[in-house]
Amino acid sequence: MELDHSNLLNEFEDFGLTPNLKVLIKCSELLRKYDITADTLVNHWIGFAATKLNNEAPSLENLVAFENDLSKELSAKTKIKSEPLSESPVIHNITTINQLAEDDELLVGYGTPARKSSVGAKRTSGLEGTPQNKRLAGLGQAYPVHSPSVFSPSTPGTSSKFSTRNNSGEIVAKYPADAVLDWTRPNERWQPKIQLHGTAETKLTTKYNYMFSRMRDKFDMLEEQINVIGDLIKGKLGIEEFESNNVLKSDAFQTIGRICCDATSGSRLNTASLLLEGTRMISSGQSVPLDVSQLKEFSFFPGQVVAVEGSNPTGKKMVVTSVTTPPINPVFKTDVSLEGPLNVMVACGPFTLSDDLEFAPLVEFIQQINTILPHLVIIMGPFLDVKNKKVESGELDHTYQEQFEIVMKELQTKISNHVQVCVIPSWRDVHYRAVYPTPPFQQENKLPNFHFFSDPCVLNVEGVFIALTSTDILFHLSKEEISVAPPGSDRMGRLVSHLFSQQSFYPLNPPAEEMSVDMEHADDYCKLTFTPHLLLVPSDLRFFIKNVNGCVVINSERAVKGISGGTYSRLQITGEGSSVQVKAEVVRI
């Protein structure tokens with residue numbers, strides 16, 4: 001019983017929930033009644049709370065309705081299972097919840113509700129520009145176009161709740177666990193050199209018609225992706241060629257392809273809807289269903305390139321006996337030329353509470369920057385969030401661009417010029433381009449210590465390679481991935497390892513419904529062909545710092561969480577020769 005309580009509490013805490021003892025006892029009863037794991041129950045709860053309860057926390061009252069939904073869900077799943085899976089692994093499948101609402105509704109349930117703040121800025125007016133209107137329409141609501149004169153001065157939001165918080169400055173995660181960080185900056189004059197690694201951003205900064213790729217061009221890019229990764233897997237397996245996936249063959253053989261979902265078996269990926277889409281040269285572009293009942297461990301998501309070994313005794317379904325993922329490249333070897341410890345602060349938007357545009361958390365973060373005076377600050381969008389309630393309703397006194405300029409002016413005038421600042425956009429910035437990869441912000445009068453880069457990007461800071469993206473790929477993957485893994489396995493580490501093995505900042509295909517991924521530019525700017533020293537992947541999932549394949553990965557969550565302050569991260573990087581060490585902590589704003 002105590003073990004059940006502990007497992008349940010750990011699973012709930014992964015999503016920022018801390019139910020009381022009575023709720024845990026009731027959940028333990030459900031585990032025994034339906035013979036499911038703590039992970040499965042919590043995954044069901046997250047989907048149920050998002051779609052039926054407006055992301056309420058679990059309580060004895062709403063667990064009654066949850067049990068009815070759980071019973072129906074489990075009985076529906078048993079009808080479509082072809083063969084039982086091994087009893088020892090735990091099935092992780094957040095995506096087989098049939099009644100999931102729109103992606104936006106899940107955000108709060110994963111630990112990051114809405115946001116608020118206070119830069120004393122005013123609001124914007126109507127919906128300007130076609131891309132912005134499309135984004136708002138994509139949220140499933142209709143937004144009338146207003147003129148500025150329609151609005152009276154904006155009413156204050158819940159900034160008072162933010163100002164009365166009592167946990168500001170609390171360190172909630174450390175790496176290593178015994179790390180002690182000294183934030184004194186002995187060399188005031190040293191400024192680290194920041195360079196963009198990889199393809200120059202000229203193609204992104206010039207005007208182009210995004211999302212205009214031809215279907216044939218998209219196919220060619222996906223085909224090339226399978227071929228490139230397939231060559232890596234050949235070397236890993238020590239084989240010369242792969243065989244066609246649909247050949248009738250009772251003996252075991254190896255084939256390559258891309259994981260897809262059979263839409264006739266459900267809208268999301270599950271064990272009954274798994275397809276392997278082969279290449280044109282090897283499998284004539286045909287897809288074959290996969291029977292994974294013999295696998296004790298697996299992890300699949302749409303768009304993943306894998307090699308599978310198995311037989312196809314009927315020519316219509318492949319019985320899989322093993323799966324091979326691409327090898328992960330080692331951490332990039334480089335000459336590090338730091339003149340001492342490199343102090344870094346990282347924060348990801350939104351920077352204002354969900355029901356105001358006062359930007360109080362941003363003001364707080366700027367104060368922390370000027371107090372510590374790190375060498376480098378990385379600030380990732382959204383700055384003017386498309387999901388902000390004031391933006392959604394059009395309660396603004398400025399245009400989107402004017403409101404954004406107010407925020408940028410606040411940053412450039414208030415942050416000390418001794419600090420190098422990197423600004424990263426987000427597709428959620430309502431004033432900007434709703435496309436991924438997102439071009440860097442174009443600022444005419446930027447200060448010398450401000451640098452504007454695209455999302456995603458890889459920065460070379462004196463030989464230290466920092467890969468980062470403001471897009472929540474971990475959250476998107478967590479909703480689409482299905483896996484069987486041993487109890488106690490590291491789910492977050494596994495999601496991150498997908499980025500390294502698939503060599504992409506965004507390997508999910510098709511992408512999340514809210515995303516607009518331009519395939520042509522993603523092929524140039526979203527590749528992650530080596531393992532960096534540091535990977536920054538802020539997410540709505542619970543914060544963490546961990547070492548994955550030799551890379552220090554940090555999810556600092558967001559600067560705003562609901563109607564209260566969120567978290568940001570502080571890092572200290574040291575290095576000599578080709579060796580890099582990172583100490584880090586996640587701190588409440």
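Start by selecting Thr324, which is found in strand β9 (residues 318-324); helices (H or I, at least four residues) and strands (E, at least two) are DSSP runs, numbered from the N terminus. This is a predicted model, in which local features need pLDDT of at least 70 and side-chain atom pairs count only at pLDDT 80 or more, while totals for chains, interfaces and linings use all residues. Residues are numbered from 1 along each chain as its sequence is written, and side-chain values use heavy atoms, with hydrogens and water left out.

Is Thr324 buried or exposed? Its relative accessible area is 10%, so Thr324 is buried; buried means under 20% relative accessible area, exposed over 50%, partly exposed in between (1.4 Å probe, protein chains only). Now show its neighbours: not counting residues up to four places away in sequence, Thr324 touches Ile233, Lys236, Leu237, Val306 and Ala307, where contact means heavy atoms within 4.5 Å.

Colour the buried residues of α8: among them are Met221, Leu222, Ile226, Ile229 and Ile233. As you look along them, recall that an α-helix has 3.6 residues a turn, so residues three or four places apart point the same way. Just after α8, pick Gly238, which takes a positive phi of about 70°.

Next, bring up the sheet. Its 7 strands run in the order β2-β23-β22-β10-β11-β12-β13, forming an open sheet with mixed pairing; two strands pair if DSSP finds at least two bridges between them. At the edges are β2 (171-175) and β13 (450-452), each pairing on one side only. From one strand to the next, the twist averages 20°. Zoom in on β12 (residues 420-424), which pairs with β13 in the parallel sense over 3 bridges, and find Val421 opposite Phe450 in β13.

Helix α12 (residues 400-414) lies across β11, β12 and β13 and runs at about 140° to β13. Axes are lines fitted to C-alpha atoms, for helices over the stretch in contact, and angles run from 0 to 180 degrees between N-to-C directions.

- Select Arg165 and Glu364, whose side chains meet at 3.7 Å, N to O. Arg165 lies in the loop between α6 (159-163) and β2 and Glu364 in α10, so the pair ties together parts that are 199 residues apart in sequence.
- Move to Arg558 and Asp540, joined by a salt bridge at 3.2 Å, N to O; both are buried.
- Then take Arg570 and Glu585, at 2.5 Å, N to O. This pair links strand β22 to strand β23 (residues 579-588), 15 residues apart. Arg570 counts as buried at 12% relative accessibility, and Glu585 at 4%.
- Finish with Lys26, Lys33 and Glu67, linked in a network of salt bridges.

Note on methods:
Salt bridge = Lys/Arg side-chain N within 4 Å of Asp/Glu carboxyl O.
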